[in-house]
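Dear colleague,

Please find below the structure that I am handing over to you. My findings follow directly after it.

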Amino acid sequence: MLPSKSCGAGTALWLPPRVSRSHVEGASGCLTACHCSPRRRNKSVSSSSFSSSSSSSSSYREEDGGDGEEPPPTWVYLTVWLAGVLVYVNGLTGDFVHDDVSAIKTNPDVLGTNPVSHVFFNDYWGKPMSDPLSHKSYRPLTIISFRFSHAVFGLRPFGFHLVNVLLHSSACLLLTRLLLRLLQLPQGTVLSAGLIFATHPIHTEAVTGLVGRADLLACLSFLAAILSYHRAIQGDRDDHNDVEGSEDEPESAGGVAGGGGGNDATATGGEGRKIHTLSEGGTYYSGSPWETLRREGSLGGAEESVGVEGEGAAGSVVGGGWVWVRRAGLLAALGTLCKEHAITSLAVCAAWDVIRHRKHVRRLLCRAHLTKGLTSLIRRLCWLAGMGVAILVFRLWMLRGSSPAFSDQDNPASFCPSLLTRVLTFWYLPAFNAWLLLCPLALAHDWQMGSVPLITSPDDPRNLASLLFYAALLLLLRAGCVLKGREGKAVLLGMSLLVLPFLPATNLFFTVGFVVAERILYIPSLGYALLVAVGLSRAGRLRAPCLLLLLAVFSCRTLQRNRDWESRETLFLAGLKTLPHNAKMHYNFANLQKDLGNTHLAMEHYQEAIKLWPTHSSAHNNLGTLLSDAAEAEKHFRLALRAHPRHAHAYYNLANLRKKEGKVGEAVALLEESLRHDATNRDAVSALAGLYGDAGRPVDAEHLHLALLEARPTDPVVHNNYAAFLQKIGRREAALMHYEAALGLDPQHTVALVNTAGLMISLSHNAQAERLYKRALAVTWEAEVGESLGKLYLNTGRLDEAESLFYSVLRHQPQRRSSRVYLARVKLQQRSYQESEELLRQVLWDEPGNQEALFQLSLLFTHTNRTHDALTLAQRAAQECSRPPTLCARLHAHHGDLLNDQHSVNKAAESYQLAVKLEPTLTHAHVNLGALYHTKGDYTRAWRHYLTAHGLEPSNTLLLENMEKLRRAQDLKTTASGLPHCLTKS
């Protein structure tokens with residue numbers, strides 16, 4: 001870059017990078033190229049009429065150092081982007097945790113089981129917005145992004161985490177772009193702000209927590225809207241001629257001394273020319289021959305330079321600016337479809353417009369005449385207000401006539417009857433959030449239920465923290481108004497970014513469903529990063545070490561926090577460590593232990609949650625499901641209903657308790673009450689339909705399933721439950737159709753796969769059943785499914801495959817007794833009697849009353865001619881058996897067989913009668929009971945049991961032989977008395 005000789009009053013001017021020597025020589029004016037060193041140039045400029053610069057400009061001069069033009073900002077972008085990626089690399093291996101499960105893993109809108117159109121009518125968790133139980137969080141664009149991630153990565157969390165990290169790094173880039181473009185700050189200050197934002201630990205919940213993608217997308221739209229609106233301001237010719245006059249904000253020549261890229265200074269030479277230096281390369285001169293060259297196109301691409309006040313990038317036509325205003329409104333609307341608080345970007349746009357035109361606002365307050373610039377400002381602000389109202393109207397319309405229902409657990413202060421407590425607590429919460437930004441050491445995923453105790457008295461010392469916080473805000477606001485130039489604008493913009501996006505979370509306009517939410521601070525932290533960077537720029541030589549220390553602390557804390565989000569267990573343990581007095585933390589940890597089968601530990605934490613929050617209805621309900629004492633369980637279900645009278649799950653669990661007690665009528669009434677509060681509760685519908693079916697009301701039962709199917713037509717679980725009901729009442733073809741519908745909606749629905757396989761077995765389609773079982777095992781290897789496939793192999797005589805599969809099941813679950821019994825059956829059929837007996841005795845050692853093991857051991861004794869032992873075990877098993885009815889029926893039939901072999905005909909008949917009473921479809925018992933009556937000459941009863949058995953198994957050859965013998969015996973009886981034929985028993 002060539003410096004020019006002094007002209008007029010001796011002001012040193014710099015040539016634009018894109019202007020050649022020929023341009024200079026051909027231009028009208030007295031500018032002539034000369035060679036001066038940067039140091040000499042600094043002296044020349046600093047001795048100009050702007051020597052009495054403000055302290056803000058002085059700080060920037062020290063930062064730039066006056067050693068020539070700064071390099072292009074590519075390295076700034078790259079550094080910030082890398083920082084945003086590297087601090088979250090160790091979070092890529094995390095699982096779906098906390099809200100991720102309901103928002104992604106089980107959300108039909110994400111899994112693709114719902115049509116895409118449903119995304120625009122459902123809330124963030126997959127419930128219809130019209131549902132009274134809906135959370136009313138309307139974020140369709142975020143759900144579409146999740147759906148896209150699922151289409152690409154499936155349910156592998158890595159892909160979801162990768163997208164979140166890339167979105168965060170993109171937000172870092174947009175912030176860097178915004179600071180260079182709007183404020184034209186030195187690259188060092190921009191880099192500081194970008195790195196602080198990239199590494200701040202408060203962002204971990206938004207980046208590593210997958211549901212935080214809503215905040216990431218909203219932030220991108222938020223920043224893009226501000227950038228677009230800035231183009232609108234620059235595209236207005238009135239602003240080009242009238243913005244930031246030198247009489248309003250004079251800046252020191254130190255801004256020019258930085259050379260080219262770093263500063264937004266304006267220096268005036270002896271001829272009244274203004275010099276505008278560009279933050280991203282390029283300089284043009286207004287009111288001089290350089291302005292003439294620029295208007296005539298001689299500067300080529302100079303109009304496209306970033307950060308030029310009044311630049312022509314959007315065109316100098318007045319209408320061009322309004323295109324960018326509308327684009328800003330569109331981006332704000334799109335951001336609101338990602339998360340609601342993106343609408344505050346319009347407020348920040350308005351604030352930035354006012355900040356840039358403070359001169360016009362002062363004129364308006366002084367009742368001066370309206371200038372063109374002021375008229376344009378008012379018009380733009382009216383456009384912003386109109387677009388904001390339109391977005392709000394649409395968002396309120398999407399509530400579908402009802403507001404979200406929150407409880408005192410979600411936001412205790414809003415339910416407190418004391419006005420003083422509500423005011424003081426809400427007054428304090430912003431100060432608490434500011435402290436999390438300043439000192440992000442104590443972080444947690446859930447701040448509900450007493451994590452921040454209510455402030456009930458003016459004497460509470462936390463009120464002092466509130467006063468200090470608001471005093472600091474006022475001081476920052478005053479500093480922004482007093483400081484001139486870029487530093488003042490930076491402070492005011494930082495305040496706008498910090499305060500305005502946080503306003504929706506303050507309970508000022510409406511009640512929110514949280515006390516503190518770290519995700520909410522993602523966008524306000526933009527302002528925090530900017531304010532800290534501006535403050536560091538005034539630290540002189542301490543700036544670099546302070547910044548490095550801050551970044552080191554932030555990065556280490558972020559990396560540590562990423563490990564907390566690795567799994568449900570690590571997240572809940574970290575939460576308990578940070579907030580041991582939070583009942584919600586104990587409740588979540590108890591749920592985890594319940595899922596892991598650690599019943600005792602789960603009960604301890606449920607009890608601790610209740611101790612901390614006595615009206616925690618869900619903790620009472622879940623604790624009741626773990627208690628073996630029915631009276632104690634009922635007590636907790638009642639306490640849950642007292643705390644939350646519409647608790648559908650508590651009604652459901654109380655109904656199950658009544659069902660076990662045999663009080664079917666009360667159970668039905670409780671299930672009906674549960675469905676009144678939640679008509680889409682699948683478990684309650686299935687349970688009530690089952691009771692209706694048992695009571696001889698199959699039509700009512702089917703109506704329940706059909707109503708739920710109409711409400712949730714794309715839910716594979718609903719189709720599966722309806723199919724199971726149809727299979728139970730014998731409508732196999734209809735059941736198969738709904739099983740196929742369930743698998744069409746979710747090909748990996750393991751329950752539907754297993755149920756369909758069972759239906760195939762009943763239809764004698766064993767090959768198809770085998771394929772379905774294998775599909776289910778390919779999705780998730782579950783011991784129960786493996787055992788079912790092993791049973792199929794056992795019943796079809798594929799003993800080697802059955803043996804191998806049962807051994808695999810026992811390797812996964814060594815204590816699974818049912819698989820040991822099935823393996824003993826395999827060994828019995830393989831004539832490995834000793835191994836079979838050892839397996840059965842192991843089961844009986846662990847569970848002496850295991851009916852199936854007693855049954856199989858009795859059969860083993862029968863095969864090894866230990867008849868007395870077999871009869872003793874069979875009698876014991878039959879007498880002790882109470883459920884299930886099918887097994888008890890088989891035990892009584894086996895006992896009857898042994899008694900019949902001992903010629904105890906009457907006792908054998910009694911056992912067979914008990915068997916057919918418990919299981920009317922047990923063919924074996926009907927055949928043998930018919931044979932006994934046949935032998936005793938009671939042909940009428942014999943025919944009745946033979947015909948029942950024939951209806952069940954019409955091709956049973958043994959049955960057909962006995963029926964033929966009975967027919968011949970009856971024929972002989974009508975002609976002459978004779979001896980009955982010898983009959984064969986099954």
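Does Asp564 count as buried or exposed, and what is its relative accessibility? Please bear in mind that this is a predicted model. Asp564 has a relative accessibility of 17%, and because buried means under 20%, Asp564 counts as buried. This residue belongs to helix α23, which covers residues 543-564. Once its neighbours within four places in sequence are set aside, Asp564 has contacts with Arg557, Thr570, Leu571 and Ala574.

In soluble globular proteins, nonpolar side chains tend to be buried together. In this model, the largest nonpolar core comprises 121 residues, and Tyr606 and Leu671 are the ones with the most contacts inside it. Another core, of 114 residues, lies apart from that one; Ile196, Ile523, Leu530 and Leu571 are among its members. As for Tyr606, when neighbours within four places in sequence are left aside, its contacts are Tyr587, Ala590, Asn591, Lys594, Ala619, Asn622, Leu623 and Leu626.

The aromatic rings deserve a separate paragraph. A search of the whole structure gives 14 aromatic pairs. One of them is formed by Tyr124 and Trp125: the ring centres are 5.1 Å apart and the planes stand at 65 degrees, so this pair is edge-to-face. The cut-off behind that step is that planes over 60 degrees apart count as edge-to-face. Tyr124, with a relative accessibility of 1%, counts as buried, whereas Trp125, with a relative accessible area of 23%, is partly exposed.

Phe469 and Tyr470 are also an edge-to-face pair, because their planes are at 70 degrees, with ring centres 4.9 Å apart. Here Phe469 counts as buried at 17% relative accessibility, while Tyr470 counts as partly exposed at 21%.

Tyr124 and Trp125 also belong to a cluster: ring pairs link them with Phe96, Phe146 and Phe160.

Finally, which residues lie over the face of Tyr124 and of Tyr428? Over the face of Tyr124 lies Arg139, at 4.9 Å from the ring centre. Over the face of Tyr428 lies Arg462, at 5.4 Å from the ring centre.

Yours sincerely

Technical notes:
Residues numbered from 1 in each chain as written. Predicted model: local features only at pLDDT ≥ 70, side-chain atom pairs only at ≥ 80, totals over all residues. Heavy atoms only, no water. Helix = DSSP H or I, 4+ residues; strand = E, 2+ residues; numbered from the N terminus. Buried < 20%, exposed > 50% of the residue type's maximum accessible area, 1.4 Å probe, protein only. Contact = heavy atoms within 4.5 Å. Core = buried A, V, L, I, M, F, W, Y, C linked by side-chain atoms within 4.5 Å. Phe/Tyr/Trp six-rings, centres within 6.5 Å; stacked < 30°, edge-to-face > 60°. Lys NZ or Arg CZ within 6 Å of the ring centre and 35° of its normal.
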